[in-house]
Amino acid sequence: MLACVLAITTAVRAQPLLGLEPKAKLELVVAADIVRPGDSVPIGIKFTMQPGWHIYWQNPGDAGTPPSFNWNLPDGFEATAPEFPTPIAFESAGLVGYGYAKTIVFPATLNVPQTLLPRGGELTVAVDYLICDDDTCVPESAVATANVTFGSSTELKPDIVAEIEAAKARLPQDIKPLTPITDTIAFSAANATDVGLFPLPPGDVEVTIGEAVEQDNSAGVTILIPIKARKFGGGEVAPFPVVVGFTDADGNRRGHRLIVDPANATE
């Protein structure tokens, strides 16, 4: 099969409310310009936000809306749903939201079909999202495209691979074994900061945390977080999943996913 080098191109169209400049730039980053039939390629949807603005996590918190992604791919191509990295918390006017500021990459995987014509293909993702600062929220829509060329081998680009791998490292990881936690969350990390608790959807439970305590032991440093939970509107709280987010000693955002059993963690 012919291999024809074709530089990747990215096109962006942002459409916020009439008369307003877009507050975020959208890019579709692909780890290879040339792809081999049957291979899987790392890809990412990258947001770069203006200073002071943020978008939302899959559970936006007290207010907000998470981004929605819609792929438009050539016949035979498939892309996995973009994954949500561990968020940070925002507070404004007494409301707490969960999301991302500055730059964030939602990683995904592109699966290339086995049988292809020797020509290129255009990948397109359309995203609707709500972007806010401390005073204002603006709904925006953007489209990003990237072109790939088919060849006899997939030629990965190390810089893009590294960027997507960094985004994957920010995805919440399961604490194993994934057993229910009751009144205290414990996880291993040294010099962790910005510790937060983020209930996963449907997000109908409010979780409050006490002061995190670092405890030295033979295995290193364990962080203990006392928790309480209640269901919005009252009623019994069933076991529910949460993400514990924190910033590690190197300044990287990390997260652990676990189950909270409210038996001993309710107000």
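User: Where does Pro 22 lie?
Analyst: Pro 22 sits in the loop between strand 1 (11–14) and strand 2 (24–30). Keep in mind that this is a predicted model.

User: Is Pro 22 buried, exposed or partly exposed?
Analyst: Pro 22 is partly exposed, because its relative accessible area is 27%, and the buried class ends under 20% while the exposed class starts over 50%.

User: How far apart are Pro 22 and Val 138 in space?
Analyst: Their C-alpha atoms are 8.9 Å apart, although 116 residues separate Pro 22 and Val 138 in sequence.

User: What about the accessible surface?
Analyst: The accessible surface of the chain is about 13400 Å², with 51% of that belonging to carbon and sulfur atoms.

User: Switching to disulfides. How many are there?
Analyst: A search of the whole structure gives one disulfide. Cys 132 and Cys 137 form it, with their sulfur atoms 2.0 Å apart.

User: Right-handed or left-handed?
Analyst: Right-handed, because the torsion about the S-S bond of Cys 132 and Cys 137 is about 110 degrees.

User: Are the two cysteines buried or exposed, or something in between?
Analyst: Cys 132 counts as buried, at 1% relative accessibility. Cys 137 counts as partly exposed, at 43%.

User: How many bridges join strand 15 to strand 19?
Analyst: Five, and the two strands run antiparallel, with strand 19 covering residues 240–247. Pro 199 stands opposite Val 242 in strand 19.

User: Now the charged pairs. How many salt bridges does a search of the whole structure find?
Analyst: Six. One of them joins the side chains of Lys 157 and Asp 33, at 3.0 Å from N to O. Lys 157 is in the loop between strand 12 (137–150) and helix 1 (158–169), and Asp 33 is in the loop between strand 2 and strand 3 (34–35), so the pair ties together parts 124 residues apart in sequence.

User: Is Asp 33 buried or exposed?
Analyst: Asp 33 counts as buried, because its relative accessibility is 17% and the cut-off for buried is under 20%.

User: Which residue does Arg 257 form a salt bridge with?
Analyst: Asp 174, with the closest N and O atoms 2.7 Å apart. This pair also links distant parts of the chain: Arg 257 is in strand 20 (residues 253–260) and Asp 174 is in strand 13, 83 residues apart. Arg 257 counts as partly exposed at 29% relative accessibility, and Asp 174 counts as partly exposed at 31%.

User: What about Lys 168 and Glu 165?
Analyst: Their side chains meet in a salt bridge at 3.7 Å, N to O. Both residues lie in helix 1, three residues apart, about one turn of the helix. Lys 168 is partly exposed, with a relative accessible area of 27%. Glu 165 is also partly exposed, at 39%.

Note on methods:
Residues numbered from 1 in each chain as written. Predicted model: local features only at pLDDT ≥ 70, side-chain atom pairs only at ≥ 80, totals over all residues. Heavy atoms only, no water. Helix = DSSP H or I, 4+ residues; strand = E, 2+ residues; numbered from the N terminus. Buried < 20%, exposed > 50% of the residue type's maximum accessible area, 1.4 Å probe, protein only. Areas by Shrake-Rupley, 256 points an atom, 1.4 Å probe, with all protein chains shown as cover. Disulfide = S-S within 2.5 Å. Pairing = 2+ DSSP bridges. Salt bridge = Lys/Arg side-chain N within 4 Å of Asp/Glu carboxyl O.
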